[in-house]
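Visitor: I would like to go through this model with you. Could we take the strands, the rings and the backbone in turn?

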Amino acid sequence: APRGPLYQPAAGARLTQPPLLVWRSKRKARFYNVQLYRKGSKILSLWPGRARLKLHKRWKFNGRSFRLVRGSYTWLVWPAYGMRKKPNYGSLLGQSRFKIVARR
């Protein structure tokens, strides 16, 4: 069984493809805030309605284009309650890391 609040990918996983992020759902959470960091900079912030988020090879955030390149990434998840326009965030569910590596 998965341990901790962030299930997938496993902490420290070495991946060649964009992962499906999966975390423990929180009762009464209307949606979540998922943030992705690389080298200490926030490169993505999304608000999925379910306890999962499929990352892609390319995306836009704050008017900039990003790509999932080789290196280490940290992701964090907060549950959100109430209306999307004026959310009330719960405490951090967890944070984890994964690494994008070259294909063999």
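Guide: What follows is a conversation about a predicted model.

Visitor: Let us begin with the sheet. What is the order of the three strands in the open sheet?

Guide: The order is β1-β3-β6, and the pairing is antiparallel. The edge strands are β1 (6-8) and β6 (52-54), each of which pairs on one side only. Neighbouring strands of this sheet are turned by 20° against each other on average, with direction ignored.

Visitor: And how many bridges join β3 and β6?

Guide: Strand β3, residues 20-23, pairs with β6 in the antiparallel sense over three bridges. In this pairing Val22 has Arg52 of β6 as its bridge partner.

Visitor: How many bridges are there between β1 and β3?

Guide: Two bridges, again in the antiparallel sense. Leu6 has Trp23 in β3 as its bridge partner.

Visitor: What holds such strands together in general?

Guide: Strands of a sheet pair through backbone hydrogen bonds, in either a parallel or an antiparallel manner.

Visitor: Trp23 came up just now. Is Trp23 buried or exposed?

Guide: Trp23 has a relative accessible area of 2% and is therefore buried, the limit being under 20%.

Visitor: Which ring forms an edge-to-face pair with Trp23?

Guide: That of Tyr32: the centres are 5.5 Å apart and the planes stand at 70°. Tyr32 is likewise a buried residue, at 3% relative accessible area. Ring pairs also link Trp23, Tyr32 and Trp75 into a cluster.

Visitor: How many aromatic pairs does the model hold?

Guide: The count comes to four aromatic pairs. Another pair is that of Trp59 and Phe66, with ring centres 6.1 Å apart. Their planes lie at 15°, so this pair is stacked, the limit being under 30 degrees.

Visitor: Are those two residues buried or exposed?

Guide: Trp59 counts as buried at 12% relative accessibility, and Phe66 counts as buried at 14%.

Visitor: Back to Tyr32. How far is its C-alpha atom from that of Leu76?

Guide: The two C-alpha atoms are separated by 10 Å, while the residues are 44 apart along the chain. Leu76 belongs to strand β9, residues 71-81. With a relative accessible area of 10%, Leu76 is buried.

Visitor: Now the other pairing, please. In which sense do β4 and β5 pair?

Guide: Strand β4, residues 31-38, and β5 pair in the antiparallel sense, over five bridges. Within this pairing Leu36 stands opposite Leu44 in β5.

Visitor: How many residues lie between the strands of that hairpin?

Guide: There are two residues between the strands, and Lys39 takes a positive phi in this hairpin. The phi of Lys39 is near 55°, a positive value in a residue other than glycine. Lys39 is placed in the loop between β4 and β5.

Visitor: Is Lys39 buried or exposed?

Guide: Lys39 has a relative accessibility of 73%, so it counts as exposed, for which the requirement is over 50%.

Visitor: What is the phi of Asn62?

Guide: The phi of Asn62 is near 50°, which is again a positive value in a residue other than glycine. Asn62 is found in the loop between β7 (58-61) and β8 (64-67). Its relative accessible area of 67% makes Asn62 exposed.

Visitor: Staying with the backbone, which peptide bond is cis?

Guide: The peptide bond from Gln8 to Pro9 is cis, and its omega is near -5°. Pro9 is placed in the loop between β1 and β2 (13-15).

Visitor: Finally, the surface. Which residues make the nonpolar patch?

Guide: Leu46, Trp47 and Tyr89 make a nonpolar surface patch of about 270 Å². Leu46 is in strand β5, residues 41-46.

Conventions:
Residues numbered from 1 in each chain as written. Predicted model: local features only at pLDDT ≥ 70, side-chain atom pairs only at ≥ 80, totals over all residues. Heavy atoms only, no water. Patch = residues over 30% accessible without salt bridge, like charges linked within 9 Å, V, L, I, M, F, W, Y side chains within 5 Å. Areas by Shrake-Rupley, 256 points an atom, 1.4 Å probe, with all protein chains shown as cover. Salt bridge = Lys/Arg side-chain N within 4 Å of Asp/Glu carboxyl O. Helix = DSSP H or I, 4+ residues; strand = E, 2+ residues; numbered from the N terminus. Pairing = 2+ DSSP bridges. Axes fitted to C-alpha atoms, helices over the stretch in contact; angles between N-to-C directions. Phe/Tyr/Trp six-rings, centres within 6.5 Å; stacked < 30°, edge-to-face > 60°. Buried < 20%, exposed > 50% of the residue type's maximum accessible area, 1.4 Å probe, protein only.
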